[in-house]
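Please keep the sequence and the 3D view open as you read.

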Amino acid sequence: MADLLGDARSGPWQILPGVHRLAGFTAAAALMPEIDRVAAAAPFRFMVTPGGQPMSAAMTNCGPLGWVSDRAGYRYGPTDPETGRPWPAMPAPLAALARTAAAVAGFPGFDPDACLINRYAVGARMGAHQDRDERDFGQPIVSVSLGLPAVFAMYGPKRGGRATPIPVADGDVVVFGGPARRNYHAVRAIKPGHHPVTGPYRFNVTFRKAG
Ligand SMILES: O=C(O)CCC(=O)C(=O)O
Ligand SMILES: [Mn+2]
């Protein structure tokens, strides 16, 4: 695939060094049945920050490792603290999508072991943060947007400064890695709307190599 793709890292999808948006790469219609199956086994919940504030987006996970936040901090773990059971398996179509998107963006060999699913209602947002609970920052982040549109704001590796707004609509995939792997990023508040598949929600599916 690398030969066919050529120098994808500087290709037409690159927004900033190491930040790629693959527009219309998938669609909610294709993925929501998989997400519904995951949520039936590991329901969406509002985790709390280490400071005790409920998060704005509801979350669940699939795959060998799930990302968890509670009063004890942020971490990855193999079991759902709500049920005590392992997180549901990562559906094969989701894993395949993540691998393909990473390769297209110039990160061949990505093999995610963690898939965090965020559900945003209208008005929900995510403040600026780095993804830094993973072991290997050589591995990219693959972030799939489904349903209602949003603005994904990409900052630099230091807190603050000006963000590059990246509009993300249903089916868009943002891949960031390499020089952008430790960039701060945020999701602006979701505007009111209705999507034919997800209704009043935006879903984000984030794939990572955590362990
Ligand atoms: O919802 C998004 O687009 C980004 C989510 C995110 O940054 C995260 O879960 O760490
Ligand atoms: Mn993040």
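The notes below cover the ligand, its contacts and the pocket.

This is a predicted model, in which local features need pLDDT of at least 70, side-chain atom pairs count only at pLDDT 80 or more, and totals for chains, interfaces and linings use all residues. Residues are numbered from 1 along each chain as its sequence is written, chains are lettered from A and ligands numbered from 1 in the order in which they are written, and side-chain values use heavy atoms, with hydrogens and water left out.

**Around ligand 1**
- The shell around ligand 1 holds 13 residues, and N118, Y120, H129, R202 and R208 come nearest (near: a heavy atom within 4 Å).
- By type, the shell has five nonpolar, five polar and three charged residues (nonpolar: Ala, Val, Leu, Ile, Met, Phe, Trp, Tyr, Cys and Pro; charged: Asp, Glu, Lys and Arg; polar: the others, Gly among them).

**Polar contacts** (pairs of N or O atoms within 3.5 Å)
- A polar side-chain atom of Y120 is 2.5 Å from an oxygen atom of ligand 1.
- For H129, a polar side-chain atom lies 3.0 Å from a ligand 1 oxygen atom.
- In D131, a side-chain N or O atom is 3.3 Å from an oxygen atom of ligand 1.
- Ligand 1 taken alone exposes 300 Å², and the protein buries 96% of that (Shrake-Rupley method, 1.4 Å probe).

**The pocket**
- Ligand 1 sits in the largest pocket (more than half of its atoms lie within 2 Å of the pocket's grid points).
- The largest pocket has a volume of about 670 Å³ (the space filled by probe spheres set on the points; a pocket is an open set on a 1 Å grid where a 1.4 Å probe fits, with protein on both sides within 12 Å along at least five of seven lines).
- Its lining (residues with an atom within 4 Å of a point) has 35 residues, with M55, W67, M126, G127 and H129 closest to the centre.

Technical notes. Polar contact = N/O pair within 3.5 Å; in protein donor to acceptor, adjacent residues only side chain to side chain.
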